[in-house]
Amino acid sequence: MTDPAETRTPLSPTPRSSLTRSKERGATDRAALDAVLDAGLLCHLGVVLGNSPVVIPTTYGRDGDTLYLHGSTGAGNLRAALRGEVSVSVTHVDGLVYARSAMHFSMNYRSAVIHARPVEVTDPETRMHALRVIVEHLAPGSWDAVRRPNKKEMAATMVLAVDLTEASVKMRAGGPRDDESDIETGGVWAGVLPIRQVFDPAVSSADLEPGIEIPEHVRARCAEPVAVR
């Protein structure tokens, strides 16, 4: 779900979205933010609930300059999100970096942090669109294959829109940054242990009626070929 580059809103270098440490790892290209968000499945929503900070893991979907979140209308954390500023973060761990010195162990990662004041989505068409965006982000190809939410389900669901204008992106890649003295001393292995996320073969529901095959949009995401049921 990306937009032509000319229609994107650039990242806003505000005091709270500007990196203060390891600035060389920062990415200022808006496309970098989109890539981190689009590759993720889970975000962490930080809110203040009852005078205490709370971080909630939740699903999301991006459409252009807007990140959509959803949950129950009775969820206190979503209500709290509407009363002030929030922070939303998404992180991918791409590898563990082994160094020759304990102080130089690290991770290769891609991360994004968004600062915004969410707004509740109340327009019926936009609410339905937002839920479609979230479903298609998590499970591409599923929205048109399943039943749409009904009025009762929609009435019990709150949808929030988070503007992506104010955000920061930080990344690390490559091997260890060891001190020259440790490299010269030698005798210790150093390198990267890559990490990747894969989907195992799909498992059909136990109550699935005979003859229903695993759909192609599900099988296509699996790391190994899946026998069609």
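**Exercise 1.** Which side chain does Arg147 meet in a salt bridge?

*Solution.* First, some ground rules: this is a predicted model, where local features need pLDDT of at least 70, side-chain atom pairs count only at pLDDT 80 or more, and totals for chains, interfaces and linings use all residues. Residues are numbered from 1 along each chain as its sequence is written, and side-chain values use heavy atoms, with hydrogens and water left out. Next, the term: a salt bridge is a side-chain nitrogen of Lys or Arg within 4 Å of a carboxyl oxygen of Asp or Glu. Arg147 meets Glu153, at 2.9 Å from N to O. Now check exposure (buried is under 20% relative accessible area, exposed over 50%, partly exposed in between, with a 1.4 Å probe and protein chains only). Arg147 is exposed at 58%, while Glu153 is partly exposed at 33%.

**Exercise 2.** Find the salt-bridge partner of Asp94 and say which strands the pair ties together.

*Solution.* Start with the partner: it's Arg110, with the closest N and O atoms 2.8 Å apart. Asp94 sits in strand β6 (residues 86–98) and Arg110 in strand β7 (residues 106–116), so the pair ties together parts 16 residues apart in sequence. Strands here are DSSP runs (E, at least two residues), numbered from the N terminus. Finally, Asp94 is partly exposed at 25%.

**Exercise 3.** Is Asp178 buried or exposed?

*Solution.* Asp178 is buried, with a relative accessible area of 11%. Its salt-bridge partner, Arg100, is partly exposed at 29%.

Technical notes
Helix = DSSP H or I, 4+ residues; strand = E, 2+ residues; numbered from the N terminus.
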